[in-house]
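The following questions and answers concern the architecture of the structure shown below. Please consult the sequence and coordinates alongside them.

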Amino acid sequence: MNRKVYVYYLFALALIIGFITTVQLKSNTTYQGIVTIPKLLDLQNEIKNVEAENQQLNESISEQAIRLAEYKAAVESTGSAFGMMQSELEKMRNYSDYEKVEGQGIIITLNDSQKEVGEGEDVAWYLIHDIDILEVVNELRMAGAEAIAINDERVTATTSIRCGGPTINIDGKRHAVPFVIKAIGDPKALEASALAPESYIELYMSYSEIQVEIQKVEKLIIKGYEGRNKMRYQRKAEGGEAK
Amino acid sequence: MIIPIIGLLLGIIIGLLSPITIPIQYSSYMSVAILAALDSVFGGIRSSIEKTFNIEIFISGFFGNAVLAAILTYIGDQLGVPIYYAAIFAFGVRLFQNFAIIRRYIIMGNKKNNNKN
């Protein structure tokens, strides 16, 4: 056998072995272990979550990009972003009931019943209570009321309506009859919800003949919330899910 | 004997200097192929001691085993069955067997030499 030739073969093979072994070691791959089906599903879930998160982040990026473009346009046209920020603040205040607003809506005037109190009957049956106001407000909200005021007291997300003996305390301020509830929204929808056969007004108040007057208004002005800021304890949460 | 070692060192140097890395999904193919190549090397050493070394058998075994192992790994991946364990097992067993035989030849050869002296 010609020894010379196969020495070169061996040289080539040794070269190949050395090369691929070094490349394999260099790529620094960690052993993943056996991929079982539960593990696979776990990983799939993880990927799905990350993808969903990605999508959300992408959406927020495009939202921010739109806002940035708005700011840029404002800066270009007026020289500063101040007007833009002011209108944003206004929007926020509108949304959080701090601003005086106007629009079409309805006025519901509630007054105590003038029916004579019969024998064995309680006078309280014919008076307006805190719960009546609460129910009416709730029904208005359900019908899509965007701003509500009771006797010019703006009803906010944190407003309390509570019995105060002969009066009703709204956010701690005393109010007496008649109660004028103003609500901005679609007048037809608001009126319909107030007069609907199963509504609170129809079901309970008509029984005790409490005086209810509903009036559609083309232009209603509702004052903003004038009390102190109630956001003293809540802070923006630092991401993540509640535990 | 010196020429294959030079080749090995040269291969390692080329591997270190080249920018090639193996993607993680192909690393199992590569490791099985390396194992097959190592098995061929041990088989070659054994046959050279037995004086039955044949370069054609050696080279065909070297590449054939590596390719077959890689193909088995691929099929296993497609079927969801880790068939490459079979390749690892077979080559591993043969590697140790060949090594054991080589060990014996070397030790027995030394003893014979000692007896002659």
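**Cores, sheets and interface**

This is a predicted model, in which local features need pLDDT of at least 70 and side-chain atom pairs count only at pLDDT 80 or more, while totals for chains, interfaces and linings use all residues. Residues are numbered from 1 along each chain as its sequence is written, and chains are lettered from A and ligands numbered from 1 in the order in which they are written.

Q: Which residues does Leu190(A) touch, not counting residues up to four places away in sequence?
A: Contact requires C-beta atoms, placed from the backbone, to lie within 7 Å. By this criterion, and leaving out residues up to four places away in sequence, the partners of Leu190(A) are Gly105(A), Ile106(A), Leu140(A), Ala143(A), Ala145(A), Ala183(A) and Gly185(A).

Q: Which residues touch the most other members of the largest nonpolar core?
A: A nonpolar core is a set of buried Ala, Val, Leu, Ile, Met, Phe, Trp, Tyr and Cys residues joined through C-beta atoms within 7 Å; a residue is buried if 20 or more other C-beta atoms lie within 10 Å of its own. The largest such core has 27 residues, and those touching the most other members are Ile133(A), Val136(A), Leu140(A), Ala145(A), Ile148(A), Ala183(A) and Leu190(A).

Q: Which strands stand at the edges of the sheet that contains β3 and β8 of chain A?
A: Strands are DSSP runs (E, at least two residues), numbered from the N terminus, and two of them pair if DSSP finds at least two bridges between them. Five strands form an open antiparallel sheet in the order β3-β2-β7-β1-β8 of chain A. One side of each edge strand has no neighbour in the sheet because each has a single partner strand; these are β3 (153-154) and β8 of chain A.

Q: Over how many bridges do β5(A) and β6(A) pair?
A: Both strands belong to an open antiparallel sheet in the order β4-β5-β6 of chain A. Within this pairing, Ile170(A) has Lys173(A) in β6(A) as its bridge partner. The antiparallel pairing of β5(A) with β6(A) extends over three bridges.

Q: Which helix supplies the largest share of the side of chain B that touches chain A?
A: Contacts link 26 residues of chain B with 22 residues of chain A. Helices (DSSP runs of H or I, at least four residues) that each supply at least two residues to this side of chain B are α1 (2-17), α2 (27-49) and α3 (55-79). The largest share, eleven residues, comes from α1(B).

How values were computed. Buried ≥ 20, exposed ≤ 12 C-beta atoms within 10 Å, placed from the backbone. Contact = placed C-beta atoms within 7 Å.
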